[in-house]
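Hello,

Here is the structure I promised to pass on. Please have a look at it first, and then read my notes below.

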Amino acid sequence: MNILLSVSIALLAGLLMTRAFKPFKLPAVTAYLIAGVLIGPYCLGALHIDGLGFGSMEEVETLGVLSQVALGFIAFSIGSEFRLDDLKKIGKQAFVIGIFQALVATLFVDLALLVVHIVMPDKLSMPQLLTLGAIATATAPAATLMVVRQYKANGPLTKLLLPIVALDDAVGLIVFAVSFGIAKTLVSGSVDIVSIIVNPIVEIVCSLVLGAIMGWLLTQLEKLFNSNTNRLNMTIAFVVMTVALSTLKFEIGPVHVGFSSLLVCMMLGTVFCNICPLSEDMMERSDKWTSPLLALFFVVSGAELELSVFTDIAIVGIGVVYILFRSLGKYFGAFASAKATKCAPQICKYLGITLLPQAGVALGMCTTAMQLGEQGNLIRNITLFAVLIYELFGPMMTKMALTAAGDIQPMPEHVKNRRHLKLQEVKKNSEK
């Protein structure tokens, strides 16, 4: 009962918060996150009244499986953006920008934190700054996709943005594995080439292969059904199954074999949308079905944000440096590479802003960083601080950038008038 009550309260809180924030014209993602913070352990949950919020982080974690499934559907949707016809037009640009902006963000953060390390070596160690620099690569696909869907963004910037966000995950995995491998070497004093080079390559290759196999199987099995409802059910079942399979981990000698659920589900969506003739219709139906799931995902994400990080001045200071220089790295990395690949001026100007949100992938990286022992605690807290800021302000800035680039169009006057007349009619009928 408690789990069901938590799910319903979280979803209702998120939906009501979107109404409260409507006059401010903020993205629904921001409203969901703030709703999560309010019903989380540091606000209403602290009152420990059943049904009023999450009383502890343990209660929030009980809904973790829903977050995993939601991320799977997000990755599946983004994977559908890799249609071969579109990639022929923007593939080179997306590839170059996706890699370059991630590496520049890492470089900016590494250099800035190196200065902090030189000034305050007792506050920030070399392993910590290398790990934080690698975490800087990660961009949150969830917030970006939700803003695109809510405002029906469509245009050159949006078409380029989604493949870049997808590619960002693969680049981030490699950079993090290498940097974290070096960090572990500095802590332990022993070099592990397998962890630094082999494991990340194996994880990416295995993820792409598993996703491709699942995408092919989904296409073949959907041929057995004529009903769109049954096809939708099959699609949902496959995404959930793919998320489950991506949690498998095992060892082959010294090599660790694991999967990235985001990469696996992205590949599932990519293969499905390229070989299934009914994929566009299925993706549209799937997007409608997952709307409440994604809303719940962001409310839970808001509840997971730890406000206690603000109590440590050192974390706040280093966190501000991290946020500032990661933002600069993302912006100038995207600007320079977009310019070099001859993108339109509005893409060069606004693309970097849309790459600022950071959440799930970064949190997964900082969880891995806990292997550094006590040094991992600082990495985790700084990442949590950055995620809190980026998730609250990132979606709003993404909306502003897409609007300025012309990908989000204002509602036509005739649509506004029609909606206004309909509301008036509903009010009159209710008064009768």
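What follows is a short tour of a helix contact, a serine and some aromatic rings.

Before you start, please keep in mind that this is a predicted model.

The axes of helix α1 (residues 2–20) and helix α2 (residues 28–38) come within 8 Å of each other, crossing at roughly 125°. The two are therefore oblique to each other, since an angle counts as roughly antiparallel only over 145 degrees and as roughly perpendicular from 65 to 115. The crossing of α1 past α2 is right-handed.

Which residues make this contact? From α1 come Ala13, Gly14, Leu15, Met17 and Thr18, and they meet Ala28, Ala31, Tyr32, Ala35 and Leu38 of α2. Sorted by class, eight residues in the contact are nonpolar, two are polar and none is charged.

Next, have a look at Ser279, which sits in helix α12 (residues 279–289). Is Ser279 buried or exposed? Its relative accessibility is 2%, so Ser279 counts as buried, the cut-off being under 20%. Leaving aside residues up to four places away in sequence, Ser279 touches Arg83, Phe272 and Cys273.

Now for the aromatic rings. How many aromatic pairs does the structure hold? There are four, and I'll describe two of them here. A pair of aromatic rings is described by the distance of the centres and the angle of the planes.

Another pair, Tyr331 with Phe332, is edge-to-face, with 5.4 Å from centre to centre and 85° between the planes. Tyr331 has a relative accessible area of 23%, which makes it partly exposed. Phe332, at 43% relative accessibility, also counts as partly exposed. Ring pairs join Tyr331 and Phe332 with Phe335 in a cluster.

Key. Residues are numbered from 1 along each chain as its sequence is written. This is a predicted model: local features need pLDDT of at least 70, side-chain atom pairs count only at pLDDT 80 or more; totals for chains, interfaces and linings use all residues. Side-chain values use heavy atoms; hydrogens and water are left out. Axes are lines fitted to C-alpha atoms, for helices over the stretch in contact, and angles run from 0 to 180 degrees between N-to-C directions. Helices (H or I, at least four residues) and strands (E, at least two) are DSSP runs, numbered from the N terminus. Angles under 35 degrees count as roughly parallel, over 145 as roughly antiparallel, 65 to 115 as roughly perpendicular and the rest as oblique. A crossing is left-handed if the near helix is turned anticlockwise from the far one by less than a right angle, and right-handed if clockwise. Contact means heavy atoms within 4.5 Å. Ala, Val, Leu, Ile, Met, Phe, Trp, Tyr, Cys and Pro count as nonpolar, Asp, Glu, Lys and Arg as charged, and the others, Gly among them, as polar. Buried means under 20% relative accessible area, exposed over 50%, partly exposed in between (1.4 Å probe, protein chains only). Rings of Phe, Tyr and Trp (its six-membered ring) pair if their centres lie within 6.5 Å; planes under 30 degrees apart count as stacked, over 60 as edge-to-face and the rest as tilted.
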